[in-house]
Amino acid sequence: MLIYLNQLFERGLQYRSINVARSGLSTFLKICSNIEINTHEEVTRFMKGVFQSRPALPRYSKTWDVKIVLNYLEALQNTSLFQISCKIAMLFLLLSAQRCQTLHLIEMADVEIEENQLRIFPNHLLKQSKPGKHLDVMVFKSIKNEKLCIVKTMLEYLERTEHLRNGTKLFISTIKPHNSVSKDTIARWIKYVMEKAGIGKGFKPHSTRAASTSKAKQSGVTIQTIIKTAGWANAKVFTKHYNMPIVQTDTKTVQEAVLEETE
């Protein structure tokens, strides 16, 4: 086993990947041969050495201010199909604290708009889905600032794409034949907005999740609301990535916290 783990290390794999391999091998050996290697001294020392060499640290030590991106989106005028696609994708990720995967899987049948709110039903398996646990329906309310209102933007997006659709997915390509888009395409949309808004190149599209929840935390949204919105099982993931104290305050939502300075 040590030879195999060392081969992974020499191939450049990080601690997390090697630890997953160790865990898988350990389970297999325990089931097949009743051999317990997790507590073996040489394996333990090897994994400690890997951690010291390639520690499993958070990708970022800080995150960006959502206001920078919101200011850019608010200033957009005479938007093309590409721009409105980028805009609705970015608003969704910031207000839902979700991944590009969630956005990619949404189908037309999952979307409901009535009165002054938008509801999206996550009817597909997500990364955080587990037996007996799935992401709750996502509810977005209208706001006075129509330029940043996700409900109004979604209505405009649906109107612009109504006669271009040839499938069931919500998000389609901005060029012919307007097929459903991949996660990578959505990630490129998000990256485009970040670059245009002036976000540093060191941040990837997934950083929207950190920016959104960090803003919510700083604005006093409760930890329970944050982890429920993001779909985390508990507060450990949040505290590990942001290293901020858990403080109970009011019942403000993530959406209200992100948009409060724009109204």
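1. Rings of Phe, Tyr and Trp (its six-membered ring) form an aromatic pair if their centres lie within 6.5 Å; planes under 30 degrees apart count as stacked, over 60 as edge-to-face and the rest as tilted. By this criterion, a search of the whole structure finds 5 aromatic pairs.

2. One of the pairs joins Tyr-15 and Phe-51, which are arranged edge-to-face, with 5.2 Å from centre to centre and 80° between the planes. Because Tyr-15 belongs to helix α2 (residues 15–33) and Phe-51 to helix α3 (residues 41–53), the pair ties together parts that are 36 residues apart in sequence. Helices (H or I, at least four residues) and strands (E, at least two) are DSSP runs, numbered from the N terminus.

3. Tyr-15 is buried, at a relative accessible area of 19%, whereas Phe-51 is partly exposed at 34%. Buried means under 20% relative accessible area, exposed over 50%, and partly exposed in between (1.4 Å probe, protein chains only).

4. The rings of Phe-92 and Phe-140 form a tilted pair, because their planes meet at 50° while their centres are 5.8 Å apart. This pair links distant parts of the chain, 48 residues apart: Phe-92 lies in helix α5 (residues 81–96) and Phe-140 in strand β3 (residues 138–141). Phe-92 is buried, with a relative accessible area of 2%, and Phe-140 is buried, at 2%.

5. Ring pairs also link Tyr-157, Phe-171 and Trp-189 into a cluster.

6. The model is predicted: local features need pLDDT of at least 70, side-chain atom pairs count only at pLDDT 80 or more, and totals for chains, interfaces and linings use all residues. Residues are numbered from 1 along each chain as its sequence is written, and side-chain values use heavy atoms, leaving out hydrogens and water.
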